[in-house]
Amino acid sequence: MRLVTASLSTVIVVLALAACGGSSSSGKTATINVWAGTQPGGSFQDAAKQCSASSNGAYTIKFNALANNPDAQRQSLVRRLAAKDSSIDIVGMDVVWTAEFAEAGWIKPFPTAVADRVRTGMLQGPVQTATYKGRLYGAPGNSNTQLLWYRKDLVSRPADTWDGLIKQASALPKAGRFEIAGAAAENTTVWFNALVASAGGKILSGPRTPNFGPPVQEAVRVMGELADSKAADPSLAQQKEDQNRLAFQSGQAAFMVNWPFVYPSIKTAAEGGDKTAKQVLDNLGWMPYPRVNANEPAKGPIGGFNWGVSSYGKHKAQAFAAAACLASARSQKIYLDKDGLAPTISAIYDDKKTQGIYPFYGLIRKGLETGAPRPSTPAYSDVSLAIYSTLSPTSNAAKPNALDELRKNIKTALSPKGVL
Amino acid sequence: MRDINPRRLAGWTTANTLIVVVALFPVLWLISLSLKDPTTVADGRLLPAKWTFDNYNGIFDQSIFTDALRNSLGIAAIATVIAVVLAAFAAYAIARLEFPGKRVVLLASLAIAMFPPISVVGPLYDLWRNIGLYDTWPGLIIPYMTFALPLAIFVMSSFFREIPWELEQAAQVDGATPMQAFQKVILPLAAPGFFTTAILVFIFAWNDFVFAQSLTSTSAAQTVPAAIASFPGASQFTAPTGSIAAAAVIVTIPIVILVLFFQRRIVAGLTAGAVKG
Amino acid sequence: MSTSASAAGPVATRGTEGAAAESGPPKRKALTERARAERKLGWMLVAPAALVMIAVTGYPILYAIYLSLQRSDLRFPNDTAFVGLSNYIAILGSSRWWTDLFHTVLLTAITVSIELVLGMMLALVMHRAIFGRGLVRTTALIPYGIVTVVAAFAWRLAFSQAEGGFVPKALGLSTDPLNSTIGIWITAILAEVWKTTPFMALLLLAGLALVSDELHEAAKVDGATAWQRFWRITVPLMKPAILVALLFRTLDAFRIFDTVFILSNSGVNRNVETVSVLSYNTLLTRLNLGLGSALSVLVFVCVALLAAVYIALLGKDTIASGTGAE
């Protein structure tokens, strides 16, 4: 009933707006330009087509592809948004951009009716990432969290904690690496934030207030432990997520902390004839994100994308409707099906088909329910830069002055002066 | 031919071979990478273990590369035309006419040649975004022609200085009007200068990265260097090594052709006519 | 640079006028009709180019100075305010600026030195090879003409273990060369030198070609070895060309961007970051226009200082004659 009312009201709003004039495209159908990184299975384009078809002529979505990594996407988008580019209607925002984009006035908050509709049935973590100052700025289209992947033939039962895992890996006679992305990029901030949250703390307690208590100290210690141990990959400081996957797939590692994209990737390699990949796949196991404290469940990272509506597009009402559709259950099933992207709507996880294709999705849902988003602050890119330029190479975390450096850099990042 | 000392011959052969190998090796490596099958692209072997043209097919499938090629060609061509015309006027004046301020112009163009583009990029971005030139062809053409002008003026004036102007007067003595004398006698002599300048300016615009990276974002105006630097891989987490190599090879082909056919002119232009081949 | 040039304007005017007057019978007061028409034509022809150059570089640099005195961050559009020199103080007080400046200076010094030596050798081959001169010149022009980004990728993809480079495999390295500071520096230097040595060689070739063969023949007759002839005849006669080549290449090297940007994976690896990359990231990735503009102005000042030092050391006339600007 609510769905029908909401749809009807949307259609009425759209018709009213169209009647008031101002549509630059022919007739009432507005062209909504969506800009986002493309997924290899083409799921975004498919969802866009379906939403256009079911909009009853209110809008047609044109999907435009951006570069593939979030940093490059952000670079491209922010310059255009700051230039008030009207050829952007909807942006596929990485979950950490919400505060920055909202504060700069580049995206508009969702109208209450649409926001309520979007939030219905969604998991806590993703919704939090799309919220800033109490308002919803993005429709969470897909989410993501990391798991611990391990080789059942090398370790029968992985330890629960980081320290335990490091010990286990170091003790293995060979192929005992612990893969994690340590490059000087967002991946390091992701890791650090998850560690801090798992230790019971937060990096920032407000948009401009940092914490440096025991949880932060513990997080730095764990990173240093791994960097100094025998289990660390020699290329740790250069590795991003895909290099971890390649190393794990070639049989060099016992453990890997990574996003679930690794599963279809290893599967494809195995089916393509890679014998080592097949062996890895046959012995692949998964566990929740490692804990920092043995008796406290971990709070894993939350990734994913939210669909935000640009302030400079010409068809905002239609854009909100389109964004809501792109985050609807039907769209999310397409993302899951074609690209293995984790849904943000809880009910989808109960679907038997989901659990059949991706056996570890129960862990994913749990991870999203309990996970910790990264700090919500407009200065996020500066804070992240401060974190990963201090903690990468990861061996920096083992140095005695690591904490002081971190403190200094995060403080500079948060000051109005900005950071170099 | 004099008798050539075999040791000298061997020496020069070694030198030449070394130069050719060093100059070409990176290009050959790119070709090798571009032909590697995506599953073996990271294997570190000099020659591909498995050959495929997939990378080439791939980059032409996505519009990002073909759009970038179109942008590069169009922007470089237009910037070249404008720069050559402006430089021709200025160089003619500098080579042939006496007027105060000649030295100033030369010094100014020298100064521009030494100018750090990065210092201009920020304000240009802010200016362009306010007047709507961000991510447009004019947005790039304007800085390109500006920063190409010093080189163009330098090359053109050295060509103009070589022209025997007395021929123009001789033609007029023979009954030609000044216009006819200019068209039929001077222009043909100046044509090689125009041509060489155009080649050098085109190479400059084709090559630029700083402006392209800073002042464009989408296929509306992004040129090839900027596009290659932001190539999407197959997914968020994979590196597009093969595509980059293929695109790099494609974009090097025009340069190789230009250099192959016009080596003499280019060397003459860059050495201010000191070396005519 | 533009301010010093315009200050030279009036002086130059008087100078040329004086010279023109001396060439014929003294006509101090009135210029002939022809001379006046020539002047007018000269200005008109030069004006478009001059205006474009000054407008597109002069206005932005003034605007950059203006922006550098503001706190202007496009992520916080409502926070813009005049802050005087505080951006400059922040930069000059940060270790990141000094580190990057050090990187830039070191990179410049090393690459230009290597290029000078290799460029001279290449110029000699281009000029004196007893066969295959055309081939050498053609192949040597390829690094010159190739897109810098492409060249940078070629070197990065050769040295990067993560991306399948053949060098780590060939040398049997266990760690990624681009991972270590020394590795990425060596790669950057090699890439830069490979790319720009041909240009240096061509600049030197211009000077080399002007050294007459007779001098060499005469010296040979006197029993001078090739080595002696090189140092006693060629180099001294090439001095203006060498100095001009050094001037241009040093300023070019100081402004290095493309190679470093690509090798550092679009600015991610900061071990080889130069001041240009730092400015770019601050301006266009973090959208901090105030701080970024201050960086731009500082880079501009550094380049201007470098040029001024060179010109002071070498003398304006040397440079003028070296570039043929009479």
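**Figure 1. A four-stranded open sheet in chain A.** In this predicted model, chain A holds an open sheet of 4 strands with mixed pairing, and their order is E9-E12-E8-E13. Who stands at the edges? Strand E9 (177-179) and strand E13 (284-287) do, and each has a single partner strand, so one side of each is left without a neighbour in the sheet. Going from one strand to the next, the twist averages 20°. If you're new to sheets, keep in mind that their strands pair through backbone hydrogen bonds, either parallel or antiparallel.

**Figure 2. Strands E8 and E12 of chain A, side by side.** Let's look at one pair from that sheet. Strand E8 (residues 147-151) and strand E12 (residues 253-258) of chain A run antiparallel, and 4 bridges join them. Which residue of E12(A) is the bridge partner of Leu147(A)? That's Asn258(A).

**Figure 3. A salt bridge between Arg151(A) and Asp153(A).** The side chains of these two residues meet in a salt bridge, at 3.0 Å from N to O. Are the two partners buried or exposed? Arg151(A) counts as buried because its relative accessibility is 5%, and buried means under 20%. Asp153(A) is partly exposed, with a relative accessible area of 37%.

**Figure 4. Helix H13 of chain A, tucked away.** Why is helix H13 (residues 316-326) of chain A described as largely enclosed by the rest of the structure? It's because 10 of its 11 residues are buried.

Figure 5. Helix H14 spans residues 329-339 of chain A. Its buried residues include Ser331(A), Gln332(A), Ile334(A), Tyr335(A), Leu336(A) and Asp339(A). Just after H14(A) comes Gly340(A), which takes a positive phi of about 65°.

Now find Lys338(A), which counts as partly exposed at 46% relative accessibility. Which residue does Lys338(A) form a salt bridge with? The partner is Asp46(A), and the closest N and O atoms are 2.5 Å apart. Lys338(A) sits in H14 and Asp46(A) in helix H2 (residues 43-53) of chain A, so this pair ties together parts that are 292 residues apart in sequence.

**Figure 6. Pro40(A) in a loop.** Pro40(A) is found in the loop between strand E1 (30-37) and H2 of chain A. At 53% relative accessibility, Pro40(A) counts as exposed. How far is Pro40(A) from Ala398(A)? In sequence they're 358 residues apart; in space they're 38 Å apart, C-alpha to C-alpha.

Figure 7. Over to chain B: Arg129(B) forms a salt bridge with Asp126(B), with the closest N and O atoms 2.8 Å apart. The two are 3 residues apart in helix H5 (residues 118-131) of chain B, which means about one helical turn separates them. In general, an α-helix has 3.6 residues a turn, so residues three or four places apart point the same way. Both Arg129(B) and Asp126(B) are buried.

Back in chain A, salt bridges that share partners join Asp163(A), Glu218(A), Arg221(A) and Glu225(A) into one network. Over all chains, the structure holds 30 salt bridges.

**Figure 8. A nonpolar surface patch on chain B.** Which residues make this patch of about 520 Å²? They are Val21(B), Phe25(B), Leu28(B), Ile31(B), Leu46(B) and Leu47(B). Phe25(B) belongs to helix H1 (residues 6-34) of chain B. With 34% relative accessibility, Phe25(B) counts as partly exposed.

**Figure 9. Chain C as a whole.** Chain C has 14 helices and 2 strands. Out of its 326 residues, 56% count as buried. The chain exposes about 14,000 Å², and carbon and sulfur atoms supply 67% of that. Among the contacts in chain C with a separation of 6 or more, 65% come from residues 24 or more positions apart.

Note on methods: Residues numbered from 1 in each chain as written. Chains lettered and ligands numbered in written order. Predicted model: local features only at pLDDT ≥ 70, side-chain atom pairs only at ≥ 80, totals over all residues. Heavy atoms only, no water. Buried < 20%, exposed > 50% of the residue type's maximum accessible area, 1.4 Å probe, protein only. Contact = heavy atoms within 4.5 Å. Areas by Shrake-Rupley, 256 points an atom, 1.4 Å probe, with all protein chains shown as cover. Patch = residues over 30% accessible without salt bridge, like charges linked within 9 Å, V, L, I, M, F, W, Y side chains within 5 Å. Salt bridge = Lys/Arg side-chain N within 4 Å of Asp/Glu carboxyl O. Pairing = 2+ DSSP bridges. Axes fitted to C-alpha atoms, helices over the stretch in contact; angles between N-to-C directions.
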